[in-house]
Amino acid sequence: MKTLFLPIIFWCMFFCSTCFFTLGFVLSNNWWNELALLIAQLLFFIGDRYQNIRILDSSLVVLLCTAISGILMGAQPALMIAAAACVFFIWDMSRQQHFMKNKTDDHTTWAFENNHTKMLAISVGSGLFVSEASFLLQITIPFGLIFFIVSGVLFCLFKFFQLIKNS
Amino acid sequence: MTSKINFLLLIVLGLLIVALMSQNGAVALLTIPIVFYIAAGFVLSPKNISLNATRKMSSFRCTKGEPVIMVLTIWNSGNAIPYLSVCDPIFENQTIIEGITEQSSYLDANQTAELHYTFQASRGRYIWDKLTVEVGDPFGLFTKEVVISAPAMLSVYPEPIFLKKFPIHPGKTLRAPGPNLSRLPGHGTDFWGVREYHQGDPLRQINWRLTARHPQQFFSKEFEREEMADIGILLDARSVTNYHFIAESLFEYSIIAASSIAQYQLKVGNRVSLLAFGDHLRQTFPGFGKHQLVKILDQLAACNPAEKDTIDTLQYIPTRLFPGESSIILISPLCPQDFDSIRRFRAEGYQVQVISPNPFRFLLKQLSKSDPNIFAIRTARLEHELLLRKIKQLGVEITDWYVDQPLENSLMGRHKR
């Protein structure tokens with residue numbers, strides 16, 4: 001039961017992401033993006049099979065780029081966001097498996113995996129809910145929020161350069 | 001913060017830039033699940049950490065190659081820790097044969113996590129002191145290292161060689177029963193002489209044949225008293241004499257010889273002490289019995305060849321570290337400067353025996369036959385032979401141990417050479 005629980009969630013989320021992407025691309029007749037999706041998923045499988053973090057990270061970036069291009073080329077944004085959230089979910093699960101390569105069948109390890117999956121589902125699920133709910137709201141963005149976003153961007157830029165400096 | 005969060009922030013930044021450039025709000029909304037994920041990680045990261053660790057080993061002393069089970073227990077006495085990563089450091093000469101040395105786990109308040117593994121180790125003293133664990137949120141975004149004290153020590157003894165016979169001829173013995181003939185009458189098994197009967201002599205000691213010849217007198221047999229000897233093992237740990245290759249070191253042979261001799265001499269009932277000289281002195285004071293053997297083996301486990309090139313250490317060893325006129329067994333590959341030191345030991349009344357693990361046999365074992373250094377080794381070997389002859393002339397018993405052969409063969413054949 002313990003060993004089956006996580007793979008079932010993983011494959012369910014993978015299936016959901018594929019469905020959301022495909023539906024979005026098919027509805028908008030966006031066949032090039034569908035091709036890009038297949039290549040990105042192949043990349044993801046390779047990364048997952050060989051537990052290579054770099055390939056996994058690259059595949060996440062490619063899949064998010066596919067979602068962006070889908071949005072920009074007229075696919076349903078709600079479907080693309082849902083697909084991207086599902087991709088993010090499976091990316092984190094796969095990455096987690098990489099760090100648990102030498103795991104034991106200990107109750108604390110099982111509790112850790114269980115807690116991780118639960119928290120991941122709650123955080124990504126609530127994030128997805130907020131994103132989808134925001135489509136129902138038509139708001140004009142106030143100056144303060146723009147300021148906050150710009151500050152956030154500057155902070156991210158700062159972290160980015162710090163990362164480059166450290167590496 | 002880890003590289004994972006930097007990567008995620010980079011993605012968020014990229015998405016926001018694309019959203020701003022394309023003026024498309026839907027692209028910006030892609031960031032929300034990721035931002036929620038990061039925020040959840042920040043909120044769930046543990047604040048007050050209180051961890052304790054203990055180590056339990058199946059034994060604190062073992063011989064080389066013997067499997068040892070290690071159980072590392074970490075107890076959380078604070079709030080729940082969603083992510084705890086433990087990685088127990090592995091020493092250079094330690095081999096894991098079963099189990100794992102790293103684990104990630106979730107620790108609730110007052111819960112414990114255990115790490116079991118079995119390992120083998122080469123001779124040496126292994127000391128564990130601090131353990132560094134990583135704690136953080138369940139996603140591994142905001143982690144920090146916590147140092148916990150988990151002390152333990154393991155002494156791995158050299159592989160034992162059980163010697164059947166290693167006779168010594170001590171000049172002076174202690175006034176306590178032991179295995180060595182003392183050249184004095186008393187209790188023993190070897191016949192010493194006959195004397196007049198004294199009141200209290202047991203009847204079985206009466207020499208009836210002599211008594212029959214002298215009807216008015218009784219005569220008693222005397223035996224040679226068997227007493228304990230004082231033996232000092234002097235172990236050479238200098239870098240200049242102990243050659244070291246990647247696979248093995250000549251010093252290990254010296255250690256094996258020292259442990260085997262100590263084991264044998266303590267078993268037969270002698271008093272044994274140890275002095276290892278290299279960068280610094282390691283000493284075990286004279287003693288006897290099993291407890292003394294443990295003390296000596298503990299010192300031998302901790303012995304390492306010196307790192308500095310010191311030649312004259314033997315010359316400056318205070319001879320008073322060994323009881324006067326005791327037997328000294330010097331275990332050393334020897335260098336030409338040692339001749340004067342051995343002469344000094346003899347002049348001060350010590351009985352000296354030298355067991356020399358042959359450095360040239362060891363070198364030849366390591367080098368190929370086509371190596372150009374072979375001729376240089378042959379020349380040095382001749383020089384070594386001459387040194388051994390010179391030392392022999394001082395009245396020192398020498399065992400030239402060819403390290404590719406068992407030690408016992410060399411010890412038994414020393415009188416023949």
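How many residues does the contact take from chain B, and how many from chain A? Keep that in mind for a second while I do the housekeeping. This is a predicted model, so local features need pLDDT of at least 70 and side-chain atom pairs count only at pLDDT 80 or more, while totals for chains, interfaces and linings use all residues. Residues are numbered from 1 along each chain as its sequence is written, and chains are lettered from A and ligands numbered from 1 in the order in which they are written.

Okay, the contact. Chain B puts in 35 residues and chain A puts in 40, where two residues are in contact if their C-beta atoms, placed from the backbone, lie within 7 Å. On the chain B side, the elements giving two or more residues are α1, α2 (25–29), α3 (31–44), β4 (81–87) and β6 (102–107). Those labels are DSSP runs numbered from the N terminus, with helices being H or I of at least four residues and strands E of at least two. The largest share on that side, ten residues, is from α1(B). By class, the chain B side has 28 nonpolar, six polar and one charged residues. For the classes, Ala, Val, Leu, Ile, Met, Phe, Trp, Tyr, Cys and Pro are nonpolar, Asp, Glu, Lys and Arg are charged, and the others, Gly among them, are polar.

So, on to α1(B). This helix covers residues 3–22 of chain B, and its 20 residues should span 28 Å at 1.5 Å a residue, which agrees with end C-alpha atoms 28 Å apart; the expected span is 1.5 Å times one less than the number of residues. Its buried residues are B:Ile5, B:Leu8, B:Leu9, B:Val12, B:Leu13, B:Leu15 and B:Ala19. Buried means 20 or more other C-beta atoms within 10 Å of a residue's own, exposed means 12 or fewer, and partly exposed is in between, with C-beta atoms placed from the backbone.

Next, the cores. A nonpolar core is a set of buried Ala, Val, Leu, Ile, Met, Phe, Trp, Tyr and Cys residues joined through C-beta atoms within 7 Å. The largest has 73 residues, and those touching the most other members include B:Ile233, B:Leu235 and B:Ile331. Helix α5 (residues 250–268) of chain B gives the most to this core, ten residues. Domain 2 (51–157) and domain 4 (228–412) of chain B both contribute, so the core lies between them; domain bounds come from an automatic or database domain assignment. Apart from that, there's another core of 54 residues, among them A:Ile81, A:Val124, B:Ala19 and B:Ile34.

Finally, chain A. It has six helices and zero strands. Domain 1 runs 2–136 and domain 2 runs 142–167, and their centres, taken over C-alpha atoms, are 25 Å apart. The C-alpha atoms of chain A fill a box of roughly 50 × 40 × 30 Å along the principal axes. Of its 167 residues, 33% are buried.
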